[in-house]
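Notebook open, and a new structure to look through.

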Amino acid sequence: MEGEAVSGAQLIAQALRHQNIEYMFGIVGIPVTEIAIAAQAAGIKYVGMRNEQAACYAASAVGYLTGRPGVCLVVSGPGFLHALGGMANATINCWPLIVIGGSSDRNQETMGAFQEFPQVEAGRLYNKLSVRPSSVEVIPAVIEKAVRTSIYGRPGSCYIDIPGDFVNLQVNKSSVKYVECCLPPPISMAEHSAVSKAASILALSKQPLLIIGKGAAYSHAENNIRKLVDLCGLPFLPTPMAKGVVPDNHPNCVAAARSMALQHADVIILFGARLNWILHFGLPPRFRQDVKVIQIDVCAEELGNNVKPAAILLGDINAVTKQGLALQKSLPMNYYTVFHHIREMIPKNCILVSEGANTMDIGRTMLPNCYPRQRLDAGTFGTMGVGLGFAIAAAMVAKDRAPGKQVVCIEGDSAFGFSGMEVETICRYNLPILIIIVNNNGIYTGLDANSWKEMLKLGNPATCVPPVSLLPNSHYEEIMSAFGGKGYFVKTPEELRNALKASVTDKQTPSLINVMIDPQSERKKQEFPWLTRSNL
């Protein structure tokens, strides 16, 4: 109503609640006690602490955990000073925080008022914004500005100074400058050219390493970063508060060999991590002299600190990671893309048969087993050609002892060639085996169709074609079709998922999925001990 009055304390509490602030921590006293009472009346949870420093730490942690700043309420002078450590910690950690401090009455400035201190000026060094409202009426607008500033761009602390005489001063509601709740932080994406450049650098790397910072945790990028790690088979190192963005027990986590990983990586991708003291500034001897850095950060000023990046991607970590995923899903696929989709879609309790060079090696880490005696591969002798025989045996035993259990046989195109005609045996006995051929046109690596044609122009294939090359784009799936099974020729992730879904659903018919991947796709050449080829 037009004639209704409201106090400064009530305006502060109502404005905070209107900005979706839920938690307040602090120590009451002159002149802020009424603010805490009004906050509780407005539905804000108030936690009375025993020290302003701890209260400020608590409020900043709420900001990190929820994405909306917690509020720290402090009294003037010493109370404000005790909170400075929490303000600095929040700003350096990039956590949103609002500190509201009581201060001397306006009409007592410079007179030696109780606990008089230049709080606005002192706060500027520790905060993104340090401000005193010019009147009670503008308090809601100032609070909206502080909340918005604390969460937009690089998050941090904001300080609002409240003169003691504002707390109980009554003003007419009609004169108050009310504002809407600030919008969520805008989600910015990196330039497409920058993402493409980063993808090219990563594709050419031999020993890449992802470093995941707490900025990635704050942006809720875990699902997309996990997909990227799985699709590309990349090793990763989390900073302390980024642990869990990708689980610590993931096979590609290199935290146990941190120093070696940093020293040997030829390309570093920073996901919301900064090259500060925690990462030895990105400099030798902890890093290679020629290391290429791909930097992803929401703050432009951070890009290029200490090390000149090979590529800079300015934007929200989650959004930029999604952009990278879109590139990774482009053609042609690689081993890691294929195994990522296979792992998602095949039954967890299936019997896995695997053989091939890269196919078997990468499959060991990308396709984990949950139960014993459900994996058959080249074994101690490293024998190629065992796959289809193993799969036939497993299917026969499963039919008798575990009806319904599926057998999935994952083969390299070279390995399949050793015993590919056993597909006829599979169809003759109607064994519902799913064969997946990861086809790179060769042994280890191959040639694409155009390169193959150019190579043949040089003369006799027996003298000029690389010994590792096989005929490009061979339609192995037609062998399965020839004997009555179902064959699929796939080139895209979508085609792969559709073929997998159809094959896993049909438990009566043998299937063969011929998956074309980049002919030059191979295992990332890691020198790290946790990713070297395991003993056969």
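This is a predicted model: local features need pLDDT of at least 70, side-chain atom pairs count only at pLDDT 80 or more; totals for chains, interfaces and linings use all residues.

**Entry 1: H13 and H21**

I started with helix H13 (residues 335-345) and helix H21 (residues 493-505), which pack at an angle of about 30 degrees with their axes 10 Å apart. Residues are numbered from 1 along each chain as its sequence is written, and side-chain values use heavy atoms, with hydrogens and water left out.

Helices (H or I, at least four residues) and strands (E, at least two) are DSSP runs, numbered from the N terminus. Axes are lines fitted to C-alpha atoms, for helices over the stretch in contact, and angles run from 0 to 180 degrees between N-to-C directions.

How do H13 and H21 lie relative to each other, roughly parallel or roughly antiparallel? They are roughly parallel because of that angle; the label covers angles under 35 degrees, while over 145 is roughly antiparallel, 65 to 115 roughly perpendicular and the rest oblique. H13 passes H21 in a right-handed crossing.

Then I looked up who touches whom, with contact meaning heavy atoms within 4.5 Å. From H13, Thr-337, Val-338, His-341, Ile-342, Glu-344 and Met-345 meet Pro-493, Leu-496, Arg-497, Leu-500, Lys-501 and Val-504 in H21. I sorted the residues of this contact into seven nonpolar, two polar and three charged. (Ala, Val, Leu, Ile, Met, Phe, Trp, Tyr, Cys and Pro count as nonpolar, Asp, Glu, Lys and Arg as charged, and the others, Gly among them, as polar.)

**Entry 2: H10 and H12**

Next I looked at helix H10 (residues 222-232) and H12, whose axes come within 9 Å and cross at roughly 30 degrees. H10 and H12 are therefore roughly parallel to each other. H10 passes H12 in a left-handed crossing. Among the residues that meet here are Leu-228 and Leu-231 in H10 and Gly-324 and Leu-325 in H12. I count six nonpolar, five polar and two charged residues in the contact of H10 with H12.

**Entry 3: H1 and H6**

Helix H1 (residues 8-18) packs against helix H6 (residues 139-151) at about 35 degrees, with the axes 9 Å apart. The crossing of H1 past H6 is right-handed. Gly-8, Leu-11, Ile-12, Ala-15 and Leu-16 in H1 meet Ile-139, Pro-140 and Ile-143 in H6. What classes do these residues fall into? I get seven nonpolar, one polar and no charged.

**Entry 4: holes**

I searched the whole structure and got three cavities of 30 Å³ or more. On a 1 Å grid over the protein atoms alone, a cavity is a set of points where a 1.4 Å probe fits but cannot get out, a pocket is an open set with protein on both sides within 12 Å along at least five of seven lines, and lining residues have an atom within 4 Å of a point. Grid points are joined across faces, edges and corners, and a volume is the space filled by probe spheres set on the points.

The largest cavity has a volume of about 190 Å³. It has 15 lining residues, and the closest to its centre are Ala-198, Ala-199, Leu-202, Leu-228 and Gly-324. H12 gives the most to this lining, five residues. By class, the lining has 12 nonpolar, three polar and no charged residues.

The largest pocket has a volume of about 870 Å³. Of its 38 lining residues, Cys-94, Pro-155, Lys-214, Gly-215 and Tyr-218 are closest to the centre. I sorted that lining into 20 nonpolar, 12 polar and six charged residues.

I found a cis peptide bond joining Ile-30 and Pro-31, with omega about 5 degrees. Pro-31 lies in the loop between strand E2 (23-26) and helix H2 (33-41). Another cis peptide bond joins Pro-284 and Pro-285, and Pro-285 is in the loop between E11 and E12.

Methods
A crossing is left-handed if the near helix is turned anticlockwise from the far one by less than a right angle, and right-handed if clockwise.
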